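Subject: Structure for you to look at

Hello,

Here is the structure I promised to pass on. Please open it first, then read my notes below.

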Amino acid sequence: MKITSKKYPSAQGEITVYRLENESGAWVELSTLGAGITGVAVPDKEGKIDEVALAYADPADYMADGPCLGKCPGRYANRIGDGHLEVDGVTYQLNINNGPNALHGGPEGFMNRIWQARELPDGIEFSYHAKDGEEHYPGNLDITATYTWSEDNVLTLKFHATTDRHTVINITNHAYWNLDGADAGFIGDQEMQIKADEFLITDPTEVPTGEIAPVADTPMDFRTFKKIGKDLKADYEPLHIGKGYDHCWVMRGWEPGKMIEDAVVLKSGKSGRTLRVSSDQPGVQIYTGNWLAGSPKNKSGRSYEDYDGVAIEMQGFPDAPNKPHFPSQSLAPGQAYDRTILFAFEAK
């Protein structure tokens, strides 16, 4: 594995971007800003290597961007209703940054921090120490996000975290994918399959109500391959709320520690590329880039438009700390938070 790096200035300090390139020439770029994925280039059915992860031209533009492009949000990815959190009988008021709610750990969440980095033979280990009280979350938290890149184009991401006080945690990656190319435009003609029979109903602010609903006979049904655009604009209240897909699906057959193979599969008939996402997380937030317009400029010199990519965010359920019947996202001293996400690329 060939590993190279470049450094870039930013208002928050120096950013390092690493490139992992395998023998076939396929590569991944990773940034110390938010432990982010800033580029993935893999072959299409003709063998042409092209980028498939949405990316900005300037590595500093990832700081505090609205789309959270490619980064690892935390301490709690997704939404916590009203920023209200109770741990061990103590109520914490988190910073509000998404309507009335706390999103992705707050405005200064993990995605907007510069992480430490250590090179591995086939990857990069990023680490971050979140102080007790940071964004009003309890407990000192030490977390690593370790990426490895294989010769057969599998990107593996492993999270590990420990705490010195009872806290909550939910970490994912927020990369956006377009298998026709990072600058190919509308994602709607690509097909997706989700290994889920149920999804979470939300209120108008996109916080789960607690209700888990079947996908059958709704636009949320991706149990078999379906074009993303087929029902994207359907007259269906959950889609009106999010201006498209921005919902959490419940992984079929999940139990703690169990890997769900091919939890989500994305494929393009045009390029011949397929992305298979596997994970041991209980849910997946599918977000069709409904608010990408106005983002920082990409490598083609333009801003992305709405629906130019799809984020496949393997994660715990949003607002789980306030929904006791959801899988627990609590972490106590002496415990370890360990989660894995695999992004496997192929073409034919």
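Salt bridges come first. A search of the whole structure, which is a predicted model, turns up 19 of them.

Start with R118 and E125. Their side chains form a salt bridge, at 3.2 Å from N to O. R118 counts as partly exposed, because its relative accessibility is 44%.

Next, look at D221 and R223. The closest N and O atoms of this salt bridge are 2.8 Å apart. Are the two residues buried or exposed? D221 is buried, with a relative accessible area of 19%. The cut-off for buried is under 20%. R223 is partly exposed, at 34%.

Now find D262 and R276. A salt bridge joins their side chains, 3.3 Å from N to O. D262 sits in strand β21 (residues 260-267) and R276 in strand β22 (residues 273-279), so the pair ties together parts that are 14 residues apart in sequence. D262 is partly exposed, with a relative accessible area of 28%. R276 is partly exposed too, at 27% relative accessibility. Elsewhere, salt bridges that share partners link R79, E206 and D246 into one network.

β21 and β22 pair with each other in the antiparallel sense, over five bridges. R276 turns up again here: this residue of β22 is the bridge partner of V265. Which strands make up the whole sheet? Nine strands form it, in the order β10-β11-β12-β13-β26-β22-β21-β16-β19. The sheet is open and its pairing is antiparallel. At its edges are β10 (116-120) and β19 (226-227), and each of them pairs on one side only.

Rolling a probe the size of a water molecule over the atoms shows where empty space is left. The largest pocket holds about 480 Å³ of space. It is lined by 24 residues, and G66, P67, N98, L103 and H104 are the closest to its centre. How does the lining divide by class? Nine of its residues are nonpolar, nine are polar and six are charged.

The second largest pocket has about 190 Å³ of space. It has 14 lining residues, with K6, Y8, V17, E29 and P59 closest to the centre. Strands β1 (2-8) and β2 (15-21) each supply at least two residues of this lining. The largest share comes from β1, which gives four residues. By class, the lining of the second largest pocket splits into seven nonpolar, three polar and four charged residues.

Last, the cysteines. How many disulfides does the structure hold? The count is zero. Take C68 as a case. Its closest cysteine sulfur is in C72, 8.4 Å away, and that is too far for a bond. A disulfide needs the two sulfur atoms within 2.5 Å. C68 is buried, with a relative accessible area of 3%. C248 is in no disulfide either. For C248, the nearest cysteine sulfur is that of C68, 16 Å away. C248 is also buried, at 2% relative accessible area.

Best wishes

Key. Residues are numbered from 1 along each chain as its sequence is written. This is a predicted model: local features need pLDDT of at least 70, side-chain atom pairs count only at pLDDT 80 or more; totals for chains, interfaces and linings use all residues. Side-chain values use heavy atoms; hydrogens and water are left out. A salt bridge is a side-chain nitrogen of Lys or Arg within 4 Å of a carboxyl oxygen of Asp or Glu. Buried means under 20% relative accessible area, exposed over 50%, partly exposed in between (1.4 Å probe, protein chains only). On a 1 Å grid over the protein atoms alone, a cavity is a set of points where a 1.4 Å probe fits but cannot get out, and a pocket is an open set with protein on both sides within 12 Å along at least five of seven lines; lining residues have an atom within 4 Å of a point. Grid points are joined across faces, edges and corners, and a volume is the space filled by probe spheres set on the points. Ala, Val, Leu, Ile, Met, Phe, Trp, Tyr, Cys and Pro count as nonpolar, Asp, Glu, Lys and Arg as charged, and the others, Gly among them, as polar. Two strands pair if DSSP finds at least two bridges between them.
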